[in-house]
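Thanks for coming. I will take one structure today and go through it piece by piece, so please keep the picture in view.

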Amino acid sequence: MGEIEDAIVRADQEAFTKDSPKTLKGRISFLLKQLKTTRAVAAELGVSQRSVERYRKGDRKTPPQRVADRIDTAVRARWQPVVRGRRRKQAAASTGITVETRARFGYTAPVGTTDDGRVRRLTVHLPAAYAQRLFDARAQGADNRELRAIVAEGLQEIYFKDGGTRADELRVEFTDIDYFDVSFRTPPSTVRPMRTR
């Protein structure tokens, strides 16, 4: 996964209304309920069916760290899908998303182009239409480059063009992402773009 996909997954997980199972036995039982067979769970985790049975019965309580990480990822990916879906639907229909990033931005405009982009840290609220496009593209299997282009367009229109009030023909390039985060929690009225040099 790329940084945009990872950020959406993290934002989804902020929507959880209760904690996922904590014990290894509870996590494996949950995965068995979701995936139906020990073979499917074993394939998901990259372990043998026998290992899955040992984890489920409690015969083995501590898997190797890499397997524990896979178990955690598999559980989180399937935990409370209705809650996560409701939050995404609300963001896509009305509330939008808040994007926080530190990345390099280059510009193309009628007065000239800069190949020497500047690193900026931005916190910008993108309206519901951009959230909808982002979620739709993700659901259709878009790669990180395509997801990044949607976010870049949103930042260009909302932040750099100030909602259409300036720099009408400006085009922004969004590259060299240092970090990227998305939140569904913050209401639009409390988020202001941050400009840093």
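Predicted model: local features only at pLDDT ≥ 70, side-chain atom pairs only at ≥ 80, totals over all residues.

Which residue's side chain meets that of Asp-72 in a salt bridge? The partner is Arg-76, with N and O 3.5 Å apart.

Asp-72 and Arg-76 both sit in helix α5, and because they are 4 residues apart, they are separated by about one helical turn. An α-helix has 3.6 residues a turn, so residues three or four places apart point the same way. Side chains of opposite charge can pair when their charged atoms come close. How covered are the two partners? Asp-72 counts as partly exposed because its relative accessibility is 26%, which lies between the cut-offs of 20% and 50%. Arg-76 is also partly exposed, with a relative accessible area of 30%.

Now the whole protein. It has 8 helices and 3 strands. Along the sequence, the order is α-α-α-α-α-α-β-β-α-α-β. Of the 197 residues, 42% are buried. The accessible surface is about 11200 Å², and carbon and sulfur atoms account for 47% of that. If we take the contacts between residues at least 6 apart in sequence, 72% of them join residues at least 24 apart.

Next, the other salt bridges. How many salt bridges does the structure hold? The count is 14. One of them joins Arg-56 to Glu-53, where the closest N and O atoms are 2.7 Å apart. Both of these residues belong to helix α4, residues 49-57, and they are 3 residues apart, again about one turn of the helix. Arg-56 is partly exposed, at 31% relative accessibility.

Another salt bridge joins the side chains of Arg-145 and Asp-143, at 3.9 Å from N to O. Here Arg-145 is exposed, with a relative accessible area of 61%, while Asp-143 is partly exposed at 34%. There is also a network: Glu-5, Asp-12, Arg-88 and Arg-138 are joined into one by salt bridges that share partners.

Let me turn to a buried residue. Phe-30 is in helix α2, residues 24-35. Why does Phe-30 count as buried? The reason is that its relative accessibility is 12%, and buried means under 20%. Leaving out residues up to four places away in sequence, Phe-30 touches Pro-21, Val-75, Arg-78 and Trp-79. The C-alpha atoms of Phe-30 and Arg-56 are 9.8 Å apart, although the two residues are 26 places apart along the chain.

Two loop residues have a positive phi without being glycine. Lys-36 has a phi near 80 degrees, and its place is in the loop between α2 and α3. Lys-36 is exposed, at 66% relative accessibility. The other is Gln-80, with a phi near 45 degrees. Gln-80 lies in the loop between α5 and α6. Is Gln-80 buried or exposed? It is buried, with a relative accessible area of 14%. Apart from neighbours within four places in sequence, Gln-80 is in contact with Phe-16, Thr-17 and Lys-18.

Now for empty space. Rolling a probe the size of a water molecule over the atoms shows where empty space is left. The largest pocket holds about 240 Å³ of space. It is lined by 11 residues, and the closest to its centre are Val-9, Gln-13, Arg-76, Ala-77 and Arg-84. So Arg-76, the salt-bridge partner we began with because of Asp-72, turns up again. Which helix gives the most to the lining of the largest pocket? That is α5, with 4 residues. Helices α1, α5 and α6 each supply at least two residues of the lining.

Last, helix α7, residues 128-139. Its 12 residues reach 16 Å from the first C-alpha to the last, close to the 16 Å expected at 1.5 Å a residue. The buried residues of α7 are Ala-128, Tyr-130, Ala-131, Leu-134, Phe-135 and Ala-137. After α7 comes Gly-141, with a positive phi near 85 degrees.

That is the tour. I will take questions now.

Note on methods: Residues numbered from 1 in each chain as written. Heavy atoms only, no water. Expected span 1.5 Å × (residues − 1). Buried < 20%, exposed > 50% of the residue type's maximum accessible area, 1.4 Å probe, protein only. Contact = heavy atoms within 4.5 Å. Areas by Shrake-Rupley, 256 points an atom, 1.4 Å probe, with all protein chains shown as cover. Salt bridge = Lys/Arg side-chain N within 4 Å of Asp/Glu carboxyl O. 1 Å grid on protein atoms, 1.4 Å probe; cavity = no way out; pocket = protein on both sides within 12 Å on 5 of 7 lines; lining within 4 Å. Points joined across faces, edges and corners; volume = space filled by probe spheres on them.
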